[in-house]
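Dear colleague,

Please find below the structure for your files, together with its sequence. My notes on its salt bridges follow.

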Amino acid sequence: MAELSLREISLSFSGDVLFDAIDLQIEKGERLGLLGRNGAGKSTLLRLLQGRIEPDSGEVVLRQGLRIAALHQEVPDDLCGTVESQVRAAVRVKAGAADWEADSDVLEAISRLGLEPQMEVADLSAGSKRRVLLARAFVSEADLLILDEPTNHLDIEATQALEDQILRRRGALIFVTHDREFLRRVATRILDLDRGHLRSYDCNYGTYLERRAAELAAEEGQAREFDKKLAKEEAWKKRGIRARRTRNQGRVRALERMRRERSERRERSGQVRTKLQEVERSGQLVLRAEKLSHGFGDTELIRNFSTTIMRGDRVGILGPNGCGKTTLLKLILGELEPTSGSVKLGTQLEVARFDQLHSVLDENKTVQENVCEHSDTVEIGGQTRHILGYLQDFLFTPEQARGSIRNLSGGERRRIQLARFLARPANLFVLDEPTNDLDLETLELLEALLAEFTGTLILVSHDRAFIDNVVTSTLVFEGAGRIGEYVGGYADWQRQRAALEQKASMPAKQSKSPAAGPKPSGKSATKAESAPAPKRLSYMEKRELEQLPAQIEQLEQQRDQLLEAMASASFFQQSGEAIAAAKAELGELEGQLEKAYARWEELED
């Protein structure tokens, strides 16, 4: 028997159909990733699974004795006591279990999520409070765990610890997240909530993307054919009296049915669309930091940090919660005085800031007023647009645009912030945790916009895929106030860090090796212990190094052209052989690119 089943569930709010006779079965041990746009009803579905709301019709069936634990998006304001006491309160007492077993479970859950047992919960950050709630959910040993945006406000280390904890669980799980790496690693099945319907994909996230793209392309094709036929029939009817003859009444009735079908079709809402506002280019130097240090009390967050950011650089900032990432942003932008050191800002800088909190939004103003104050127009790409039309690009109806922001979801508020941010001309973008609460489509749009941005970008994020897709270098908080600088994104930093750690451990391993033999003495010892001179490149290797950037650029262009073709609606209408050939070609190009990058790094080193 399934752990939980939904049968013909329907639910509407204010006339909008959220669920249209949906069905779902959750089996033991499954891990279901629930996807859908902001406002599609994901959080509502999770509340329905918990029994917090009732459907308009249909049936929710739970296995007898099923235990459910949940993590909601909102962190309660009334959490108090120590971390240990909060987690211990959620422990399920097992028959015959000793107290030390419960103690062990509690302390293990606390440790795995990087918490201190005796810390006061009220003093913790939002991210740390979410870890406490996660620890509570895990020690409850629920048969079904429901997580709504579990990675929000978690740093990368905590997110990876959460992934490991989930993969060790044997119970069922259903979760909502915007973190694509989390989805790829955790989900065994994908649920897609779209226009009131719930579709199930028994595959991983990557395969789901391919299948869903093919389905949407086919759906668009069918809609176009239907609309063509409807237009043809409408034109036939308008031609006159012949349409009203008895022998044509069947066709007239068919036309009426088509009209009803067309009126009942639920259109897929448009995609967020806009363009970036760029002003005159900044000077070549954007900023230079020299030996920056800063701290609070006895805690030194940043010690002796220097960096230079040039026009066009795309810099990611990584580090655990509370390490000082936002403080670093304030220091390098001149908003905070360092304890020591200096910051020099370049010329002609126009800065646009995207805050990790919703502090820029005024609860007493409408959506429209939050974006452009009291104006009815906004200038985008050199053209004046009415604010209602601009907000429709971000999926807000005129009614929503004129209404209060108080009843909007976290994701909808994030879209308002994005609309406000992108409406301001700038040549330096500073984004502090921009991905929280964004649905995946809006997140991917933001990635694409930032890829087109020719100015300078400074980004703080815990989203590994977002970092990899956007930045060209990373600043990483490495403890004790030290900040390391690395080429590439998160995955590149991980590779470089592993290589550095391996290199650092080599002398120790060699000295302990029993096969190392006795140490040479005299002149031979001097030669043996001296570091080898760096290898010089041969003439052919130099030529190869010079030619590699052009080869890589050509391969990237071929790959991008192929990806663009595969993203078109007509791609999946080809024969299976043509689709398979295109995918094989893409794999070959990516393999060649990987080899070219590896060779480039090898020769550069």
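Arg212 and Asp192 form a salt bridge through their side chains, with an N to O distance of 3.4 Å; a salt bridge here is a side-chain nitrogen of Lys or Arg within 4 Å of a carboxyl oxygen of Asp or Glu. The pair links distant parts of the chain, 20 residues apart: Arg212 belongs to helix α7 (residues 205–238) and Asp192 to strand β8 (residues 189–194). Helices (H or I, at least four residues) and strands (E, at least two) are DSSP runs, numbered from the N terminus. Arg212 is buried at 5% relative accessibility, and Asp192 is buried at 6% (buried is under 20% relative accessible area, exposed over 50%, partly exposed in between; 1.4 Å probe, protein chains only).

This is a predicted model, in which local features need pLDDT of at least 70 and side-chain atom pairs count only at pLDDT 80 or more, while totals for chains, interfaces and linings use all residues. Residues are numbered from 1 along each chain as its sequence is written, and side-chain values use heavy atoms, leaving out hydrogens and water.

A further salt bridge joins the side chains of Asp179 and Arg464 at 3.7 Å, N to O. Asp179 sits in the loop between β7 (172–176) and α6 (180–186) and Arg464 in helix α15 (residues 464–470), so this pair ties together parts 285 residues apart in sequence. Both Asp179 and Arg464 are buried.

Within helix α3 (residues 99–112), Glu108 and Arg112 are four residues apart, about one helical turn. Their side chains meet in a salt bridge of 2.7 Å, N to O. Glu108 is partly exposed at 37% relative accessible area, as is Arg112 at 34%.

The count comes to 24 salt bridges.

Kind regards
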